[in-house]
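Let's take a friendly walk through a protein model. Have the sequence and the 3D view ready, and follow along point by point.

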Amino acid sequence: MENKNMGMCKDCGEVYSALIMKDGYCSGCKPEIFTERELKNIKEQGIKEETTKEVKKEETTKEVKKDFKEEAKKGKYNFYIGLAVVLGIATYFVSSALSLPKDEVVKNIASQYGVGSYSSRTKASKIDIIDHYKKEGKVVYILGIEKLICEMPMLEVKGKWTSLGMDCK
Ligand SMILES: [Zn+2]
């Protein structure tokens, strides 16, 4: 710190501003070597120093408060970034969970089963997609083929849709 302007009293060992010392002594230890005017100045100087210290303290407090605000701001940003990441991941999972095969893919796969009057294959154009629902990680398609209602569970494996059979009633 301001070592240049500081001095240690030869008597009490306290460190004072060199401005309020004389011959290496503070006014407290050797008031006799100080003139009355000097003592008065020292008193005033001392008050000034105290005031400066107070101001410095206040400034430090302000700095700390500012730092705290900055940190809080940063924290808020981090929170929003975290939230965005979480939402991104959630969106990814929801969208992948909601991903469905295209109608033509469903019909094409369904056509591999012989249903009704079709003994081996069903014409894709004769298949109506009525509805679908999810069950145990599979998408079950409800299909109308001629006068039958068929259920065909489907599963996406490595990006490719496959059926797990067909049940018609
Ligand atoms: Zn002293």
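In this predicted model, strands β6 and β7 run antiparallel and are paired over seven bridges.

**The neighbouring strand pair**
- Strand β6 also pairs with β5 (residues 127-135), again in the antiparallel sense, through eight bridges.
- Across this pairing, Ile127 stands opposite Ile145 in β6.
- The hairpin of β5 and β6 has two residues between the strands, and here Glu136 takes a positive phi near 45 degrees.

**The nonpolar cores**
- As general background, nonpolar side chains tend to be buried together in soluble globular proteins.
- How many residues make up the largest nonpolar core? There are eleven, among them Val106, Tyr113, Ile127, Tyr141, Leu143, Ile145, Met152 and Met166.
- Two or more residues of this core come from each of α2 (103-110), β6 (138-145) and β7.
- A separate second core has five residues, including Ile20, Met21, Cys26 and Ile42.

**Positive phi in two loops**
- Most residues other than glycine have a negative phi, so exceptions make handy things to look for.
- Asp23 is one exception, with phi near 55 degrees. You will find Asp23 in the loop between β3 (21-22) and β4 (25-26).
- Is Asp23 buried or exposed? Asp23 counts as exposed, because it has 8 C-beta neighbours inside 10 Å, and the cut-off for exposed is 12 or fewer.
- Lys158 is not a glycine either, yet it has a positive phi of about 50 degrees. Lys158 sits in the loop between β7 (148-157) and β8 (160-163).
- Lys158 counts as exposed too, because it has 5 C-beta neighbours inside 10 Å.

**Around Ile33**
- Where is Ile33? Look in the loop between β4 and α1 (36-98).
- Ile33 is exposed, because 12 other C-beta atoms lie within 10 Å.
- Ile33 and Asp23 are ten residues apart in sequence, and their C-alpha atoms are 8.5 Å apart in space.
- Apart from neighbours within four places in sequence, Ile33 is in contact with Lys22, Asp23 and Tyr25.

**The whole protein**
- Now zoom out: the protein contains two helices and nine strands. Read from the N terminus, the order of elements is β-β-β-β-α-α-β-β-β-β-β.
- The protein is divided into domain 1 (3-94) and domain 2 (103-168), and the centres of these domains are 78 Å apart over C-alpha atoms.
- The C-alpha trace spans about 125 × 20 × 20 Å along its principal axes.
- What is the radius of gyration of the protein? The value is 44 Å, whereas a compact globule of 169 residues would have one near 15 Å.
- Of the 169 residues, 12% count as buried.
- Among contacts with a separation of 6 or more, 20% are between residues 24 or more positions apart.

Technical notes: Residues are numbered from 1 along each chain as its sequence is written. This is a predicted model: local features need pLDDT of at least 70, side-chain atom pairs count only at pLDDT 80 or more; totals for chains, interfaces and linings use all residues. Domain bounds come from an automatic or database domain assignment. Helices (H or I, at least four residues) and strands (E, at least two) are DSSP runs, numbered from the N terminus. A residue is buried if 20 or more other C-beta atoms lie within 10 Å of its own, exposed if 12 or fewer, and partly exposed in between; C-beta atoms are placed from the backbone. A nonpolar core is a set of buried Ala, Val, Leu, Ile, Met, Phe, Trp, Tyr and Cys residues joined through C-beta atoms within 7 Å. Two strands pair if DSSP finds at least two bridges between them. Two residues are in contact if their C-beta atoms, placed from the backbone, lie within 7 Å. The radius of gyration is taken over C-alpha atoms; the globule rule is 2.2 Å times the number of residues to the power 0.38.
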